[in-house]
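Morning, everyone. Please look at the screen.

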Amino acid sequence: MRPSKPQTAHAVTVYAAPDLRVLSGANAGDPLPAPDDSVCGDYYRLEKDATPLTVVLDLAAGPGQGDAAGTLAPGSQLGQPGGSVHLLGRLSMMAPDGDLVEVLALSLAGAGCVALPLSPLLVKHTYTLIAVDPTPGPIRLADIVAGAFGRGTLIALANGRQVPVEELVPGDMVITRDHAVQPLRWKGAVRLRAEGGFAPVTVMSGVMGNPRPLTVSPHHRLFLYRRDARKLAGAAELLVQARHMVDGQTIVRREGGFVEYFSLVFDAHEVIYAEGVPCESLMVCPAVLTRLPDDMAAPLRDAFPGLSQREHTGADLQPELVSRLRDRAGAGIG
């Protein structure tokens with residue numbers, strides 16, 4: 001049987017407060033202050049030995065259930081599962097090149113204050129605090145890249161054509177693994193710096209039967225069929241996040257510059273073919289809408305009022321099992 005998991009859980013990268021210090025200004029030398037104590041004009045810098053930590057947020061305990069924004073789910077490197085998560089506020093910072101970087105200040109039960117950057121923070125860069133919002137509302141993670149393809153990715157259509165993802169339009173008939181041919185209902189796009197947690201993952205040519213490199217967002221899940229996975233994962237059909245498959249040679253992270261990501265939505269959560277590799281579409285459900293920026297969540301709500309898709313039946317393979325499957329295969333997991 002497929003292991004159950006909370007549909008609202010989402011892994012994010014955070015930094016402990018001492019890793020993001022005020023370099024100069026009114027709070028000079030202090031670790032990340034609470035938003036109420038923050039002073040615009042202060043300069044911040046990420047410590048050179050700052051350690052990014054993974055926190056798994058379950059946003060089910062959102063507004064209306066006490067004053068907590070959510071709870072910590074199993075798999076977090078800070079705090080204890082079930083511990084409360086409070087959103088203290090949003091800090092808007094200006095990077096040296098003029099880009100806006102937003103940071104959520106969170107309070108984790110048992111772990112204190114942490115910084116959750118909504119865009120990558122870079123070591124040695126000095127960031128100027130330009131605005132503070134101590135009441136930003138519910139947590140909205142700008143992680144639409146959870147299920148997205150890089151520009152130029154070829155998608156298989158019913159008429160045999162391979163069309164770049166950016167050229168697809170709603171109504172195009174796309175081949176799916178489980179439901180034959182399905183019309184594309186919605187396409188979203190976002191442009192981000194290809195750094196840190198937003199750096200894309202590229203599957204090199206031939207690794208998974210793909211004639212060309214396949215580039216996806218790090219949290220995008222690829223579909224694998226492995227009979228030998230039944231004992232480990234409870235299923236032969238697997239959905240594996242691209243970031244967990246990186247080996248530095250055949251599947252790599254690419255940092256630098258910018259990346260354009262495109263997300264595809266169908267009537268159901270589908271597995272489609274990108275560069276010949278089966279990959280998931282973006283799943284529409286309340287948890288996903290909570291994670292999207294407002295300018296992308298609103299059109300999705302309008303296009304799919306009341307829709308809450310069920311996740312594909314492929315088992316979501318946990319990272320600790322990926323290496324075990326790779327060891328069994330003696331090569332790449334694909």
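Start with strand β21. This strand is mostly covered, with six of its eight residues buried. Buried means under 20% relative accessible area, exposed means over 50%, and partly exposed is in between (1.4 Å probe, protein chains only). Strands here are DSSP runs of E, at least two residues long, numbered from the N terminus.

Before I go on, the ground rules. This is a predicted model: local features need pLDDT of at least 70, side-chain atom pairs count only at pLDDT 80 or more, and totals for chains, interfaces and linings use all residues. Residues are numbered from 1 along each chain as its sequence is written, and side-chain values use heavy atoms, with hydrogens and water left out.

Back to β21, which spans residues 258-265 and includes Val265. Val265 has 0% relative accessibility, so it counts as buried.

Which strands pair with β21? One is β15, residues 186-193, antiparallel over eight bridges. There, Gly188 sits opposite Ser263. Another is β10, residues 149-150, also antiparallel, joined by two bridges. In that pairing Gly150 faces Tyr261.

Now the charges. How many salt bridges does a search of the whole structure find? Seven. The criterion is a side-chain nitrogen of Lys or Arg within 4 Å of a carboxyl oxygen of Asp or Glu.

Take Arg90 and Glu102, with closest N and O atoms 3.0 Å apart. Arg90 is in β6 (residues 84-94) and Glu102 in β7 (residues 100-108), so this pair ties together parts twelve residues apart in sequence. Arg90 is buried at 17%. Glu102 is partly exposed at 24%.

Next, Glu166 and Arg151, at 3.6 Å, N to O. Both sit in loops: Glu166 between β12 and β13, Arg151 between β10 and β11. The pair therefore ties together parts 15 residues apart in sequence. Glu166 is partly exposed at 21%, and Arg151 is partly exposed at 49%. These two also belong to a salt-bridge network with Glu260.

Last, Arg212 and Glu275, with closest N and O atoms 2.8 Å apart. Their loops lie between β16 and β17 and between β22 and β23, so the link joins parts 63 residues apart in sequence. Arg212 is partly exposed at 36%, whereas Glu275 is buried at 4%.

That's my tour. Over to you.

Definitions and conventions. Helix = DSSP H or I, 4+ residues; strand = E, 2+ residues; numbered from the N terminus. Pairing = 2+ DSSP bridges.
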